[in-house]
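Biologist: I am new to this one. Could we go through the ligand and the pockets together?
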Amino acid sequence: MAFNLFGSKSKLGIDIGTASIKIIELEKREGRFGLDNYGLFALSNVKGGPQGDQSILKLPDDEIAWGIKEVLKKSKISARDAVASIPSFSTFSTVIEMPYLSEQDLAKAMPFEARKYVPIPLDEVVLDWSIIGVTGQGARPTVEVFLAAVPRSETVRYQNIMKNAGLNLKALELENSALTRALIGNDLSPTVIVNIGGRSTSILIVNKGYERLSHNYEVGGFEITKTIAQSLNVNIEKAEELKKKMGLQQVDENIINDAMSSLIDMMAFETKKTIENYETEKGVQISRILLVGGMVNMPNFLRYFKEKIGREVFIGNAFARVVYPKGLENAIGELASTFAVAAGLAMREV
Ligand SMILES: Nc1ncnc2c1ncn2[C@@H]1O[C@H](COP(=O)(O)OP(=O)(O)OP(=O)(O)O)[C@@H](O)[C@H]1O
Ligand SMILES: [Mg+2]
């Protein structure tokens, strides 16, 4: 597949998840994005197949690079400029308030300030920050600063993987920043994005277009598959198949409901708690919840989650501003949630 809808130069977004590597190729013209190509390399493509605690990110770097090359080859992707993400569970971010200073003075003050918040020695991380708002009035205005830290070793690792895959890495970005770009657009209302992947669930609060809070909850699709396997005494592959086929359908013959529902209830509870804490602390009302990640494709997942949370919940559509070829209509919903991070990466200006 290679559509090249607009005939302009395209860029790759590469999301190395624990369950699969997702690559998307977008081109841009006059403020619109066109979907040129996409591809996925799943853990099941790895020799030996999916196992208990297997994860793409636990593979040796050269195998990950090989997996990326496989996707490029199989999907006939020709673009080489890429933006890749660093997973939420290996990064640190927070929003802090600082006195109103000039950009230069702030730049000088940040490393000292960061020391109070970043749980890793500063010489082992790459620090990034940006002003996202001005608060406080009168004589003492303050600025809100989004502060992010990525372990230096991780950035080196990703640079090597991309180089070995034959790609030009144009930028490395936090997973949550990519999700914000793909799903929020110009919407300024307080929104929660819940990304339910293989290893973990990340809960992200975005307000006025910027990330305000993120929380990583260490339960995802893998744990759910494992629970199904244990309680029905079947192997991981069979459990994975049942999970995707039966999901949370409320029918008598659904033999996996009981096994998984408590884990999914906990995800919903964690989301609810994070939202309520934020609302109380900041005095704002969250207007909607957007779900993305492979897990949300589970039959009846959206309805079940909505019931547990008791709020407006939607499937996030990373392709809301993307033009795609005819014939993809049926697949686009699942693509838009699974490739949400990758889409946001490919939309980044470099
Ligand atoms: N149709 C489906 N029904 C149920 N579960 C599904 C479906 N499709 C994918 N999943 C599950 O979603 C999970 C993978 O999601 P995703 O691709 O978002 O993960 P990832 O990005 O690789 O992981 P992470 O973000 O945690 O590193 C797997 O556990 C998989 O079983
Ligand atoms: Mg993911």
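Biologist: Which residues come nearest to ligand 1?
Modeller: Among the 20 residues around ligand 1, the nearest are Thr18, Ala19, Glu240, Lys243 and Gly294; a residue is near if one of its heavy atoms lies within 4 Å of the molecule. This is a predicted model, where local features need pLDDT of at least 70, side-chain atom pairs count only at pLDDT 80 or more, and totals for chains, interfaces and linings use all residues. Residues are numbered from 1 along each chain as its sequence is written, chains are lettered from A and ligands numbered from 1 in the order in which they are written, and side-chain values use heavy atoms, with hydrogens and water left out.

Biologist: What lies 2.8 Å from an oxygen atom of ligand 1?
Modeller: That is a polar side-chain atom of Lys22. A polar contact here is a pair of N or O atoms within 3.5 Å. Backbone atoms take part too: a polar one of Arg199 is 2.9 Å from a ligand 1 oxygen, and one of Ser200 is 3.3 Å from a ligand 1 oxygen.

Biologist: How much of ligand 1 does the protein cover?
Modeller: On its own, ligand 1 has 660 Å² of accessible area, and the protein covers 90% of that (Shrake-Rupley method, 1.4 Å probe).

Biologist: Which helix gives the most to the shell?
Modeller: Helix 6 does, with three residues. Strand 2 (20-29), helix 5 (221-232) and helix 6 (236-246) each supply at least two; helices are DSSP runs of H or I with at least four residues, and strands are E runs of at least two.

Biologist: And the shell by class: how many are charged?
Modeller: Five are charged, with ten polar and five nonpolar. Asp, Glu, Lys and Arg count as charged, and Gly is among the polar ones.

Biologist: Now the pockets. What is the volume of the largest pocket?
Modeller: About 1,100 Å³, and the space taken by ligand 1 is this pocket. A pocket is an open set of points on a 1 Å grid where a 1.4 Å probe fits, with protein on both sides within 12 Å along at least five of seven lines; lining residues have an atom within 4 Å of a point. Its lining has 50 residues, with Ala19, Ser20, Gly197, Gly198 and Gly294 nearest the centre.

Biologist: Which residues lie nearest the centre of the second largest pocket?
Modeller: Phe146, Glu173, Ser177, Arg181 and Arg348, out of 27 lining residues. This second largest pocket holds about 760 Å³ of space.

Methods
A polar contact is a pair of N or O atoms within 3.5 Å; within protein, one must be able to donate a hydrogen and the other to accept it, and residues adjacent in sequence count only if both atoms are side-chain atoms. A molecule sits in a cavity or pocket if more than half of its atoms lie within 2 Å of its grid points. Grid points are joined across faces, edges and corners, and a volume is the space filled by probe spheres set on the points.
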